[in-house]
Every structure is written in C-alpha cells, then in structure tokens.
Amino acid sequence: MSKHTVKTRRKLPPKNINLRVKPHARSLIDRACAVMDKTITDFVLDAACREAEDVLLDRRLFTLNQTAYQAFVDALDAPTQRNPELKRLLSRKTLWEN
C-alpha cells in the first residue's frame, strides 16, 4: 500500500430524530409543507440545517493558540492589496438603481 493512501469515509446510515409537536405547530408546519411541496421530513430538516448553519456562522468566540492568534493579528494588520476588479464591482450601480 502506498505511503500516501487516501482514507475514504464510510457512509453511515441516517439516524432518526423524534419530535413531539403541539397540534398548532404541526398544523402550521403541515401547511408550509403543502405550499413548498415538500415532505415534513425534508421541510423540517431543511429548516433545522439552515438554523444550525446560522448559529455556527454567528459564533463570536473562537480560541486560537499563540501562533495562530499572531497569524490572525498579522493578517488583520497587513496593508490592503489593490484590487481593481473589486473596485469596479463596488462602483457599479445596482440593478435597482438603473
């Protein structure tokens, strides 16, 4: 076997999440599923994943070791680079301004 073997991930079977839902909430979710033409599983999973991504992206606290922290501070303190493409993009009128 090669020294540089790539590890493959084994696909795990899906796991169940069981919820107890009050009738009003279930009715609301059922109506939304009908409008979106989605199963309740797809609808709830999409909503839960979207919320989970928002929560994780909104994390304000992260920890770094001293080396990583210094690299982070150096990147923040570094002078900006000229970027003509970005300047052109930001100076364009938006679609609703035309």
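Is D30 buried or exposed, or does it count as partly exposed? At 33% relative accessibility, D30 falls into the partly exposed class, where buried means under 20% relative accessible area, exposed over 50%, and partly exposed in between (1.4 Å probe, protein chains only).

The structure is a predicted model, in which local features need pLDDT of at least 70 and side-chain atom pairs count only at pLDDT 80 or more, while totals for chains, interfaces and linings use all residues. Residues are numbered from 1 along each chain as its sequence is written, and side-chain values use heavy atoms, with hydrogens and water left out. The average pLDDT (the predictor's confidence in each residue, from 0 to 100) is 89 for the protein, and 91% of the residues score at least 70. Among the elements, the highest mean pLDDT, 97, belongs to helix α1 (residues 23-36), and the lowest, 91, to helix α4 (residues 84-91). Helices (H or I, at least four residues) and strands (E, at least two) are DSSP runs, numbered from the N terminus.

Three salt bridges are present in the structure, a salt bridge being a side-chain nitrogen of Lys or Arg within 4 Å of a carboxyl oxygen of Asp or Glu. In one of them D30 is paired with R26, with 2.9 Å between the closest N and O atoms. Both residues belong to helix α1, where they are four residues apart, about one turn of the helix. R26, at 41% relative accessibility, is partly exposed.

Because E85 and R88 are three residues apart in helix α4, about one helical turn separates them. E85 is partly exposed, with a relative accessible area of 47%, and R88 is partly exposed at 41%.

A salt bridge also joins the side chains of K38 and D46, at 2.4 Å from N to O. Here K38 has a relative accessible area of 30% and D46 one of 32%; K38 is partly exposed, and so is D46.

The surface also carries a nonpolar patch of about 510 Å², made by F62, L64, Y69, F72 and L76. Patches are made of residues with over 30% relative accessible area and no salt bridge; like charges are joined within 9 Å, nonpolar side chains (Val, Leu, Ile, Met, Phe, Trp, Tyr) within 5 Å. Accessible areas come from the Shrake-Rupley method with a 1.4 Å probe, and for residues only the protein chains shown count as cover. One of the patch residues, L76, lies in helix α3 (residues 66-77). L76 is exposed, with a relative accessible area of 58%.
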